[in-house]
Amino acid sequence: MKRWIVAIGVSWIAAAVGCASGTRHEVESELKAKLGPPALFESFEVPDVEDYTPFKAGQSFRTIENTWQVEAGGIGLYDASVREEVVPHDGRQLLELASEAGPGQISAPFATTPGRAYTLIFYFARDRRVDKEPARARVEVLAPKMLLQADFQSAAPQPFDSQALFSDRFVAESAETKLRFRALSPGHYGITIDAIEVREEVAKPGSSEAP
Ligand SMILES: [Ca+2]
């Protein structure tokens, strides 16, 4: 099933967790309180790129916990303390789903337990150099059957550095699952991604069973 997620920030996630109000931090904390430790975490702080490093199709790069394969086009890792056209959600570095090689596609495997439910969370914004057309991308979770597929976009009048929160669920079917991001808009600039987490859903208080 494919869905569209538009960057509307806190109000969307507030609805997702049944919370009518609260700061972004409060809403995020409430969501994560229902989840277990990360099965996948990615903030793109490693490798230290100091400025900007592009990777193109056929290349891969290793972060602290994950190995990302560039499957098509190109992507860029940015140090936002040097490059002001992009903004991370946390730390100094982030990933842009495009580079001189064009719109990119990347994926990384992570370990899962078959039959267990997981929540995928990440933040996205866009490169300041994106022009009038929205920056669009797709996220997929596969194992190898499609478990989750959703499109998301960042567009004016929302500021380029406004960090929108994506959150959706899937149920694992194997011991290894793949997370994939694919740019849907053309050009050398596009969606930026940071602070990716996949967390297993834990049992609610008072319940003897996991959801
Ligand atoms: Ca980061």
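Colleague: Which residues point one way from β6 and which the other way, and are they buried or exposed?

Modeller: This is a predicted model, so the answer describes the prediction. Ile-75, Leu-77 and Asp-79 point to one side of β6, and the opposite side carries Gly-74, Gly-76 and Tyr-78. Strand β6 covers residues 74–79, and because 6 of its 6 residues are buried, it is largely enclosed by the rest of the structure. For both sets the answer is therefore: buried.

Colleague: Which strands pair with β6, and over how many bridges?

Modeller: On one side, β3 is joined to β6 in the antiparallel sense by 5 bridges, and Thr-53 stands opposite Leu-77 there. Strand β7, residues 93–96, is also antiparallel to β6, with Gly-76 opposite Glu-96. The partners are β3 over 5 bridges and β7 over 4 bridges.

Colleague: What is the setting of the peptide bond from Val-46 to Pro-47, and what is its omega?

Modeller: Both Val-46 and Pro-47 lie in the loop between β2 and β3. Val-46 touches Thr-63 and Ile-64, leaving aside residues up to four places away in sequence, and it counts as partly exposed because it has 16 C-beta neighbours inside 10 Å. Most peptide bonds are trans. The bond from Val-46 to Pro-47 is cis, with omega near 5°.

Colleague: Which residues does the other cis peptide bond, with omega about 10°, join?

Modeller: The loop to look at lies between β13 (146–154) and β14 (164–171), and Pro-157 is found there. The cis bond with omega of about 10° joins Ala-156 and Pro-157.

Colleague: Glu-50 and Ala-195 each have a positive phi without being a glycine. Which of them is buried and which is exposed?

Modeller: Most residues other than glycine have a negative phi. Glu-50, with phi about 65°, is in the loop between β2 and β3, whereas Ala-195, with phi about 55°, lies in strand β16, residues 191–201. A residue with 20 or more other C-beta atoms within 10 Å is buried, and one with 12 or fewer is exposed. Since Ala-195 has 20 such neighbours and Glu-50 has 11, Ala-195 is buried and Glu-50 is exposed.

Colleague: Which residues have the most contacts inside the largest nonpolar core?

Modeller: That core has 42 residues, and strand β11, residues 117–126, gives the most to it, with 6 residues. Beyond four places in sequence, Leu-97 touches residues including Ile-75, Ala-137, Phe-181 and Ile-193. In soluble globular proteins, nonpolar side chains tend to be buried together. The residues with the most contacts inside the core are Leu-97, Phe-124 and Ile-193.

Colleague: How many residues lie between β12 and β13 in their hairpin?

Modeller: Strand β12, residues 135–142, runs antiparallel to β13, and 8 bridges join the two. Leu-142 has Met-146 as its bridge partner in β13. The number of residues between the strands of the hairpin is 3.

Colleague: Taking the protein as a whole, what share of the contacts with a separation of 6 or more comes from residues 24 or more positions apart?

Modeller: The protein has 2 helices and 16 strands. Buried residues make up 35% of its 211 residues. For contacts with a separation of 6 or more, the share from residues 24 or more positions apart is 73%.

Methods
Residues are numbered from 1 along each chain as its sequence is written. This is a predicted model: local features need pLDDT of at least 70, side-chain atom pairs count only at pLDDT 80 or more; totals for chains, interfaces and linings use all residues. Two residues are in contact if their C-beta atoms, placed from the backbone, lie within 7 Å. Two strands pair if DSSP finds at least two bridges between them. A nonpolar core is a set of buried Ala, Val, Leu, Ile, Met, Phe, Trp, Tyr and Cys residues joined through C-beta atoms within 7 Å.
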